[in-house]
Amino acid sequence: MQKSDYKNMWVYIEHDGKTAAPVGLELCCELRRLCDVTGDKLYAVILGELPAAETDKVRDCGVDGIIQVRGTGYEYFNTDAYANAFTVLSRKYNPSAIFVGGTINGRDFAPRFAVQLDTGCTSDAMELEYDPATGDIQFIEPAVGGKIMAVITVPELRPQVGTIRPGTFKYAPAGRKAEIELIEEEIDFDPAAIRCRHLDFIPDEMDPELDIANADCIVCVGNGLKDSEHLERYRVLARLLGGKIGCTRPLYDRGILPYKLQIGQSGVMVKTKLYISFGVSGAVNHTAGVDADMFVAVDKNPDAQIFNYCDYGIVGDMDEVCDEMIAQLKARQG
Amino acid sequence: MANYNKITPEIAAQLRAVVGDKRFFEKDAVDPNYSHDEMPIYGKYMPDAAVDVESTEEVSEIMKICSANRIPVTCRGAGTGLVGGCVPLAGGLVLCTRRMNKILEYDMDNLVVRIQPGVLLKDLAADALSHGLMYPPDPGEKTATVGGNISTNAGGMRAVKYGVTRDYVLALKVVLADGRIIELGKSVCKTSSGYSLLHLMIGSEGTLGIITEMTMKLIPKPICDVSCLVPFRTVEECISFVPKIKLANLDPQSIEFMDADIVTSSAAFTGNPIFPERVRSEDVGASVLVTFVGADEDELDQKMIKLGQIAKEAKALDVLVVATSSNKKSAWAARSSFLTAIEADTKLIDEMDVVVPVDKIPAFLIYIRSLGDENGIRIRNFGHAGDGNLHIYCCSNDLEEEDFKRRVKIIMDKAYTKCAELEGQVSGEHSIGHAKMVYLRESVGEDVFALMGQIKAVFDPYYILNPGKVCDSSFSV
Amino acid sequence: MLNILVCVKQIPDIDLVKMDPETGNLVRAGVPTLTNPLDLNALEAAVQVKERFGGEITLITMGPPMAESTLRECLAVGGDEAVLITGRPFGGADTLSTSYTIVKAAEMEGKFDLIFCGKESQDGATGQMASQLAERFDAAQISCCFSIEDVADGKIRATRTLEHGREIVEATLPCLVTVEKDNFYGRLPNLEAYLAAKTAPITTYTENNIDGLDPAKIGVPGSGTIVPKIYPPELPEPGQMIRTGSVKSDVGRLIELLTDKGSL
C-alpha cells in the first residue's frame, strides 16, 4: 500500500433526515483548517436525504466537495448499511482520512468500517495536527483519566479513521467555496440484510434542568462533594445566578447526579457565560468540555489543576464558599 | 442556672488579641452553622462570638479570659454530632478546633501517633494506612474530628473486634476551665496509677475541659480483609445469627445489621443496588454484613467456609462475598450512606442511639416499630449488630414540626423506658448532649446523676464549659 | 441453549497510575488491578439472559497471566467457562489486532449466539473494541443497551439509550451487545461460587495454539495505530487567585470582580 495513493479527507454528516447534527459541521470547520495545511481536499459525506437548507450549512463550512449517497437502507441509522457505504466509497475513492462524529451511533459504526478496510481507528482526539515528515495526522487525546496526553497516529494504513466527540471543535464556518464538487453515488443496501432493525423511538421527556449545554451560568460540582446531602446548596446558588447545576464524571459514577449533567469530553460539552466549579480537580477530560466566558474555580487544594483553567480562583472549603456566595448574593438582591 | 456575662467590647478585644482579627468572629460574622449540629430539630442557638484556635496556649489564654468574665465556652469540632452536643445553648463563645488539624508525630516503635484535636477521622485513618498502620475505631461519620470522637467516645463498625475510641486514647493534653494546662495519661498501654482522669475526660463532651492534643494508639494494618453479606427472611432470624458468629470463634471485625427498608433507601440514594433486596427468589427481610481480617486469603477462606456452615444452619438465604476492591468500595459506600439516605428523603428527623443486649435487638425493634405505627411516624433503623448498638430514626415528611416533636416525644419516652427494661444504655456512641439528658437521668438514677454533677463542679465551678450538657440540668432549654 | 460470550479486561486502577516526571512514562508497577467496571455490567446482562432464557457463559480476556484473577472474579458471578489469551507477542496491541486475536481464540471455543462487552475500558477508553469484535464475528450489534426485552427464535429485542431518547431494535443472532449500567448493576458472588471459581480450570491460549493465527495480525505488527509520544497535559497559566484572608472577604472580592466584568 502506498500512502501517497490516498488523498483527501472526509467528514461524515450525521443527520436525522431533517437537520444535520452540529458535530459534522464542527468537524468540517476543523478539517478545513487541517486540509489547508496538508493540501488535501475536504469532502462531506451525506448518506440519505438531507434538506437543501441543511446541505447549504455544510457548504458554508468551506468544503471542496460533497459526496451524496442515495439508495436503500439509510432510512434509519443501522450499522450494517452505514458501515458498508463507507467501505464501498473508501475503496472507490481512497481518502486519506475519514472523520465521524463521536455520537453514540458514530462510535457504533466507524470502528466497524475501519475493520472492513483493515485500517487504524482512533477516538476522542482533542487536537489534530499534521506531520509533514510522515504525512500522518497526529490525533492528540487525553489518556489514563486525563493524566497524560497521547499522540496517536496511523503510520502505515489508510484511511486514517477518527471519531471526534461533539463540541470538541468550534463551529466557525470558513465560508463557501466558489466551486463545490458534487459526487453522487447510488449504493443500495438490501433492507432485508440489515441485521439490527429499528422498531421504534421514544424521545426523552425534556427536563429543562438537564439541558445544560447552553445555559448562561453553570455551577459545576466535582468529586470534592462529601455526599448528596451537601448538594442542595449548589442548586440554591445556581438558581440565584439564574443558572443550572452540572457535575464531573465521579459524581455521575457515584450515582449522585444523572449522566446528562456530566460535563466533559465523555459527557456534555457546555458553552456558557459564567462557569463556577466547586471541588473539581481539573482533569483535561473535564476542562475540555467547558467553554466559558468567565471561569471561576473553588477548591480546597491550592495545587489543583483546575486553577490553571480559571479566570479567578478561591482556595477554601467548597461548602463554606458556596454558603458565603449565597449569603452575599441574597444580600445584594435584597 | 449559672450567671453568665455577655461578651462586652472590652472582652471581645481581649479575645481578639489572643487569636488575631482573622480568627475572631463576632455577631453577624459568626458562621450560622455554629448554631446547630446535624440535628437542627433540637433547636438552634447562636453564639455571641467564635474563635478558631490554633494552639494549646491560645486555648489557655481564651479560657483565662472567659473564666475571669464568666463567659460560656462551647467547644466545637466539625459539628457532625447528633445530640446537640456542640450547640452553644447559653450563647457566649464557640471555640472551634478545626484549624488544629495537624498530625504531629508518629512513634513507629511504640505504634503511637500524636495529633491535634481538629484532625478529621478520615484523614487520620488514611494517614495511618500510609504508614502501614491502622487506627481501629471506625465511626460512620468520617468527617468528624478525632477530638469530637474522643469527647463522645465514638464507637463505630469495628468495635466488635477492636473496641471503641476510649481504647485507643493513651494521653491527652487538656486545658481546664480556668486556663491551666494539664496532661493526662502517658504513652504506655498499661496503667494502675490512681483515678483515671483520662477516662473521665473521654466522653465528657467538652464539659470538663478542652482537649488540645492527644496521643493515640495504632495497630499494624491488617494484611487482607473480606466481607460476607448474609441475608435472611426475617429480622429475628437475622439477629439470632449474630451470637452464633461470635460463638463460632470467627472473630469478625464488624457485624453490621441492615433491614429491607434501609437497603431500599440506600440503593435509591447511591444509585447502586449492591445489597440485594431479593435472593433466590425470596424477599430479604434483613441482612448482616460480616467483615473478617486475616494474614492471608486462605485464613479468610476458612473463616468464610465456617460462616457458610453456620449461616446454613441459621436458615440464611445465602452467603454473598464482597472480595473485590470495587465491590468493597460499593458495599462500604452503601453502608456509609445509610444515615444520609434517610436524611435525603426525610424532612423531619429525630434519632436514638441505644445499646441493648444483642439477643434483645428483635424485641426492641418490634416494639419501636409498633410505636411508630401507633403514632404515625416512619421508623428507619440500622446498626452495629455485633454490639447491640442500634441507630433508630423517627422520620416524617408530612407532619408539622410541633406535631412531629410531640409524637416523637411519646415514642422516645416509651422507647427509652423499654430500653432500660431490657438492661440497655441510652447512648452507644452519639452521647448525651442536651437532647438525651432526661433519658440519661432516668437511666442512671438520681444518685449517679448527682455524682456526675459533683464531678462537673470540681472541674468547672462556674459551669462555663458547654453549659446545659450531659448532667448540667441547671440550664433549662 | 444460548451460547454466550462475555469479553472482559483487567485494567490498572487509573486513579493510582502516575506519570514518571523524569521519563514521562506511565508507572504501572505495583498499581492494583481491577476488572473494568463496565465489563461487569456486561457480565450481569449475560447472567440475566442466562437466567431468563437459558444458556452457557464463556468468559474471554487477553492480558498478562495475572489477568486470570479477573476471569475468576467473573466465574464467581456467573461464568461457566473461562479463556485467557496471553503471551508476549500479543503485547502492545491496539483494538484492530486485539479484536482479531480475541475472535480467533473465541472461534476455538465454538460459535456464539450472543456476545456481551462493556461500552469501553476505563484505561484505554476508545470504545472501539465492541464494534470491531462485532465486525469480526460477523454479528449484528446493539450498542448502549438499556434493557433486553426478549431473546427467542434467533432474535433479540432490546432498547438502546441514545442521546435524546430510547430506540427499540430487533437484531438477528449472532449479536454483540454493549450495555448501560442502569439495569445491569453487577451482583455479589455467593460463597460456593466464589470458592469454586478459585480452582476452576481456565483454558489458556498463546500465540502457539490458536488455529490459523496470522502472526502479522497480532500485537504491535497487527495494530493500525501507534502511540509515538505521550506527554503531560500542558497547563495554561494559573488564573488570578483571590486571597484576602477570609472566606467572607474572598467571596466579596469575587462578586466585585464578576460584577465589574459583567458576569453577574
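**Stop 1: two helices in chain A**

Helices α3(A) and α4(A) are oblique to each other, a word for angles that are not under 35 degrees (roughly parallel), over 145 (roughly antiparallel) or 65 to 115 (roughly perpendicular). To see them, select residues 79–93 of chain A for α3 and residues 104–116 of chain A for α4. Helices (H or I, at least four residues) and strands (E, at least two) are DSSP runs numbered from the N terminus.

Before you go on, two notes on what you are viewing. This is a predicted model, in which local features need pLDDT of at least 70 and side-chain atom pairs count only at pLDDT 80 or more, while totals for chains, interfaces and linings use all residues. Residues are numbered from 1 along each chain as its sequence is written, with chains lettered from A and ligands numbered from 1 in the order in which they are written.

At what angle do α3(A) and α4(A) pack? The angle is about 45°, and the axes are 9 Å apart. Axes here are lines fitted to C-alpha atoms, for helices over the stretch in contact, and angles run from 0 to 180 degrees between N-to-C directions.

Now show the side chains where α3(A) meets α4(A). From α3(A), pick A:Thr79, A:Tyr82, A:Ala83, A:Phe86 and A:Thr87; from α4(A), pick A:Asp108, A:Phe109, A:Arg112, A:Phe113 and A:Gln116. Residues are in contact if their C-beta atoms, placed from the backbone, lie within 7 Å. Colour this contact by class and you get five nonpolar, three polar and two charged residues. Nonpolar covers Ala, Val, Leu, Ile, Met, Phe, Trp, Tyr, Cys and Pro; charged covers Asp, Glu, Lys and Arg; the others, Gly among them, are polar.

**Stop 2: across to chain C**

The crossing of α4(A) and α4(C) is right-handed. Residues to look for include A:Pro111 and A:Val115 of α4(A), and C:Ala134 and C:Glu135 of α4(C). The contact of α4(A) with α4(C) holds four nonpolar, three polar and four charged residues.

Next, zoom out to the whole contact of chain A with chain C. How many residues does each chain give? Chain A gives 60 and chain C gives 62. Among the elements with two or more residues on chain A's side are α4, β11 (196–203) and α8 (318–333) of chain A. Chain A's side has 32 nonpolar, 16 polar and 12 charged residues.

**Stop 3**

Select β11(A) together with strand β11 of chain C, residues 165–172. These two strands pair (DSSP finds at least two bridges between paired strands) in the antiparallel sense, over seven bridges. Within this pairing, A:Ile202 stands opposite C:Arg166.

Follow the sheet onward: 10 strands form an open sheet with mixed pairing, in the order β11(A)-β11(C)-β10(C)-β9(C)-β12(C)-β8(C)-β1(C)-β6(C)-β7(C)-β13(C). Which strands stand at the edges? They are β11 of chain A and β13 (203–205) of chain C, each with a single partner strand, so one side of each has no neighbour in the sheet. On average, neighbouring strands of this sheet are turned by 30° against each other, direction ignored.

For a parallel pair, select β8 (residues 114–117) and β12 (residues 175–179) of chain C, which share four bridges. Here C:Phe116 stands opposite C:Val177.

**Stop 4: chain B**

Select α1 (residues 9–19) and α2 (residues 56–69) of chain B, whose axes come within 9 Å and cross at roughly 170°. That angle makes α1(B) roughly antiparallel to α2(B). Look for B:Leu15 and B:Val18 of α1(B), and B:Ile62 and B:Ile65 of α2(B), which are among the contact residues. The contact of α1(B) with α2(B) divides into six nonpolar, two polar and two charged residues.

Finally, find where chain B meets chain A: nine residues of chain B are in contact with five of chain A. On chain B's side, α11(B) gives the most, with three residues. That side of chain B has two nonpolar, six polar and one charged residue.

Technical notes:
Contact = placed C-beta atoms within 7 Å. Left-handed = near helix turned anticlockwise from the far one by under 90°.
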